[in-house]
Amino acid sequence: QVQLVESGGGLVQAGGSLRLSCAASGRTFGIMGWFRQAPGKEREFVATITYGGNTYYSDSVKGRFTCSRDVTKNTGYLQMNSLKPEDTAVYYCAAALRGSRWPTREIYEYVDWGQGTQVTVSS
C-alpha cells in the first residue's frame, strides 16, 4: 500500500504555470500516474512516469506538461506550463505496480490514489 498526498493546485491565468507535487509514503512507487476530472466529465489520463524516469503524455498536454520525480523524497511532480482554461479540473496522482503494462494510462491499472487537488485556469 502506498499513501499519496497531493499539493500545489490553485488558481492561475491562462498561459501561466503551476507545479503539482505527489508525496508517496509507505512504499516506494513503481509507476506514478496523473489524471484529471472536470465537472460533468469522465476522469482522463494526463501523464505517467516510472521510478526510473520514463514518461508518457496524453496528446492534450504533450509539450506543455512535464513529469519528474525525486526518488530521495519518493515524490513525483507535474510541471504544468502554458495552461489553458480547458485544463481546469481536479488533478489526481496515483500509484501502479512496477511491471504494469506500459504506458500505464488506464484507471484500473492504478491501485492507490491521492486526494486530488483543484487546478483552475481563468481567461
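How many bridges join strand E3 (residues 18-25) to strand E8 (residues 75-80)? The count is 6, and the two strands run antiparallel. This is a predicted model: local features need pLDDT of at least 70, side-chain atom pairs count only at pLDDT 80 or more, and totals for chains, interfaces and linings use all residues. Residues are numbered from 1 along each chain as its sequence is written, and side-chain values use heavy atoms, without hydrogens and water.

**Sheet**
- An open antiparallel sheet holds 4 strands in the order E1-E3-E8-E7.
- Strands are DSSP runs (E, at least two residues), numbered from the N terminus; two of them pair if DSSP finds at least two bridges between them.
- Strand E1 (3-7) and strand E7 (65-70) are the edges, each pairing on one side only.
- Neighbouring strands are turned by 20° on average, direction ignored (axes are lines fitted to C-alpha atoms).
- Ala23 has Thr75 in E8 as its bridge partner.

**Aromatic rings**
- The whole structure contains 6 aromatic pairs (Phe, Tyr or six-membered Trp ring centres within 6.5 Å; planes under 30 degrees apart are stacked, over 60 edge-to-face, the rest tilted).
- Phe45 and Tyr56 have ring centres 6.0 Å apart and planes at 35°, so this pair is tilted.
- Phe45 lies in strand E5 (residues 44-50) and Tyr56 in strand E6 (residues 55-57), 11 residues apart.
- Phe45 is buried at 12% relative accessible area, while Tyr56 is partly exposed at 27% (buried is under 20%, exposed over 50%, partly exposed in between; 1.4 Å probe, protein chains only).
- Ring pairs link Phe35, Phe45, Tyr56, Tyr110 and Trp113 into a cluster.

**Charge over rings**
- Arg43 lies over the face of Tyr92, 3.9 Å from the ring centre (NZ of Lys or CZ of Arg within 6 Å of the centre and within 35 degrees of the ring normal).
- The charged end of Arg43 also sits over the ring of Trp113, 5.1 Å from its centre.

Conventions: Axes are lines fitted to C-alpha atoms, for helices over the stretch in contact, and angles run from 0 to 180 degrees between N-to-C directions.
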